[in-house]
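Subject: Structure for you to look at

Hello,

Here is the structure I said I would pass on. Please open it first, then read my notes below.

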Amino acid sequence: PPLVKRHRLSTRLWHWTNVICLFVLFKSGLGIFNAHPRLYWGQFGANFDKAWLTFTRFGAAWTLPSGYDLAMSRRWHFTFALIFAFSLLAFMLWSLINRHIVRDLAFRRGDLKPAHVWQDIKDHARLRFPTGAAALRYNVLQKASYVGVIFVLLPMIILTGLTMSPGMDAAWPWLIDLFGGRQSARSIHFICAWLIVAFFVVHILMVLLAGPLNEIRSMITGWYKVPRSRTPEAQP
């Protein structure tokens with residue numbers, strides 16, 4: 001099968017930057033969460049307030065650093081949060097310039113027809129991955145998941161993170177009102193973090209099932225081996 005250029009350099013750089021940033025942010029975020037493993041809605045939340053979710057502390061294998069150290073977890077978290085936020089902004093701007101969003105992520109006419117979406121769901125459930133030219137385009141489920149993560153979850157987790165910072169009150173006081181209070185922002189931040197983890201798990205599963213060597217090579221070098229179309233004799 002032929003090798004074709006599938007991923008631009010900007011996409012590959014942002015992808016691997018995200019891998020590092022999200023790994024550090026998730027583990028350090030759980031280290032911060034361990035300081036008070038309870039979640040509330042509204043502006044205030046303390047030990048005697050009613051929490052909507054209560055956890056025990058996450059173990060050492062889950063947090064960064066491995067021992068409980070709130071100050072160090074915050075340092076890790078805030079440092080990589082800056083890298084993560086500015087890399088997302090750079091990727092969005094560059095994707096508009098090189099038309100990656102319009103060309104690859106925008107929904108086309110007919111993409112959202114119920115029959116088309118249902119067929120895509122059935123193909124994924126049966127592990128029938130696209131071949132030939134279709135393998136070079138994102139299908140409707142991929143578009144929906146990537147758009148949801150890039151333009152909804154990631155900006156949401158950044159904005160709620162800023163809302164939790166008292167230092168942002170003077171600069172952007174409207175953030176607290178937008179999310180209904182600092183504790184509500186903390187709850188949304190926590191939910192978005194686990195939704196990103198769920199996306200990551202499904203993403204890795206699809207990579208393993210579709211052919212990890214080919215998929216990982218395309219995200220490192222940009223070159224992708226196009227799967228051959230099934231011949232009539234090979235079809236069940």
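Which elements do the buried residues of helix 8 pack against? They pack against helix 1 (9-33), helix 7 (182-210) and strand 4 (223-225). Bear in mind that this is a predicted model.

Helix 8 covers residues 212-220, and its buried residues are Asn214, Glu215, Ser218 and Met219. Viewed down the axis of helix 8, these buried residues fall within an arc of 130 degrees, so they line one face of the helix. Just after the helix comes Gly222, with a positive phi of about 95 degrees.

Next, the salt bridges. A search of the whole structure finds 3 of them.

- Glu215 pairs with Arg6, and their closest N and O atoms are 3.2 Å apart. Glu215 is in helix 8 and Arg6 is in the loop between strand 1 (3-5) and helix 1, so the pair ties together parts that are 209 residues apart in sequence. Glu215 counts as buried because its relative accessible area is 18%, under the 20% cut-off.
- Lys143 pairs with Asp111, with 2.9 Å between the closest N and O atoms. Lys143 lies in helix 5 (residues 140-164) and Asp111 in the loop between helix 3 (100-105) and helix 4 (114-125), 32 residues apart. Both Lys143 and Asp111 are buried.
- Asp104 pairs with Arg103 at 3.2 Å, N to O. Asp104 is partly exposed at 22% relative accessibility, and Arg103 is partly exposed at 34%.

Regards

Definitions and conventions: Residues numbered from 1 in each chain as written. Predicted model: local features only at pLDDT ≥ 70, side-chain atom pairs only at ≥ 80, totals over all residues. Heavy atoms only, no water. Buried < 20%, exposed > 50% of the residue type's maximum accessible area, 1.4 Å probe, protein only. Helix = DSSP H or I, 4+ residues; strand = E, 2+ residues; numbered from the N terminus. Arc of directions from axis to C-beta. Contact = heavy atoms within 4.5 Å. Salt bridge = Lys/Arg side-chain N within 4 Å of Asp/Glu carboxyl O.
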